[in-house]
Amino acid sequence: MSQVHVLDHPLIQHKVTFIRDKNTGTKEFRELVDEVATLMAYEITRDMPLEDTTIETPVATCQSRVISGKKVGLIPILRAGLGMVDGILKLIPAAKVGHVGLYRDPETLKPVEYYVKLPSDITERDLIVIDPMLATGGSASAAITALKNRGAKNLKLMCLIAAPEGIKLVQEEHPDVDIYVAAVDQYLNDHGYIVPGLGDAGDRLFGTK
């Protein structure tokens, strides 16, 4: 079973409080999401492998360490996932970015894939799937399935806020994918919104209603 990592760093928790606040405007909301994404990236990359290398400082030659292993790919789920990409790229500027677009079929309520554009070497990268809200889990699970169908093997899911229902679905359908969140909330309401949540992340990021 995949693990759920709740990133409880004080700076993350502080900023999430203002992200949740309904009085936080679009500009500040966008900046806060960007900042939290950077802070979460520190935690999600904690297990990156290192290897030794030899360098020369201005004083002496020494052994030091650099990141080794597979390269990173960021896969935001359109459109709200876009709001977290730049914050992660500040820490991992060499990461390649792919995109997965999904919409919900009004009759079946199931996510339908409408756009997928990925790095050509996706099979060789450690992928971070990004979506601010893990509500029902349907979109995240469908995005992960779309990536696996194209050869992806090493995936993590990164979200700001998660509902227990969404965590349960992703764990059931993708037990090999660990989930990283800033908060696990109480439940989903009748409209599929996370309670207490933060509303519609896409609308608040892009100023739409």
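Buried means under 20% relative accessible area, exposed over 50%, and partly exposed in between, with a 1.4 Å probe and protein chains only. The model is predicted, with local features needing pLDDT of at least 70, side-chain atom pairs counting only at pLDDT 80 or more, and totals for chains, interfaces and linings using all residues. Residues are numbered from 1 along each chain as its sequence is written, and side-chain values use heavy atoms, leaving out hydrogens and water.

**Exercise 1.** Find which residues of helix α5 are buried, and what they pack against.

*Solution.* Begin with α5, residues 164-173, where G166, I167, V170 and Q171 are buried; helices here are DSSP runs (H or I, at least four residues) and strands likewise (E, at least two), numbered from the N terminus. Seen down the axis, these residues fall within an arc of 125°, taken from the directions from the helix axis to the C-beta atoms, so they line one face of the helix. Their packing partners are β1 (4-6), β9 (133-134), α4 (138-149), β10 (154-162) and β11 (178-184), where contact means heavy atoms within 4.5 Å.

**Exercise 2.** Work out how the axes of α4 and α5 are arranged, and which residues make the contact.

*Solution.* The two axes, lines fitted to C-alpha atoms over the stretch in contact, with angles from 0 to 180 degrees between N-to-C directions, come within 9 Å and cross at roughly 25°. The helices α4 and α5 are therefore roughly parallel to each other, a term for angles under 35 degrees. The contact is made by G138, A140, S141 and I144 of α4 together with L169, V170 and E173 of α5.

Definitions and conventions: Angles under 35 degrees count as roughly parallel, over 145 as roughly antiparallel, 65 to 115 as roughly perpendicular and the rest as oblique.
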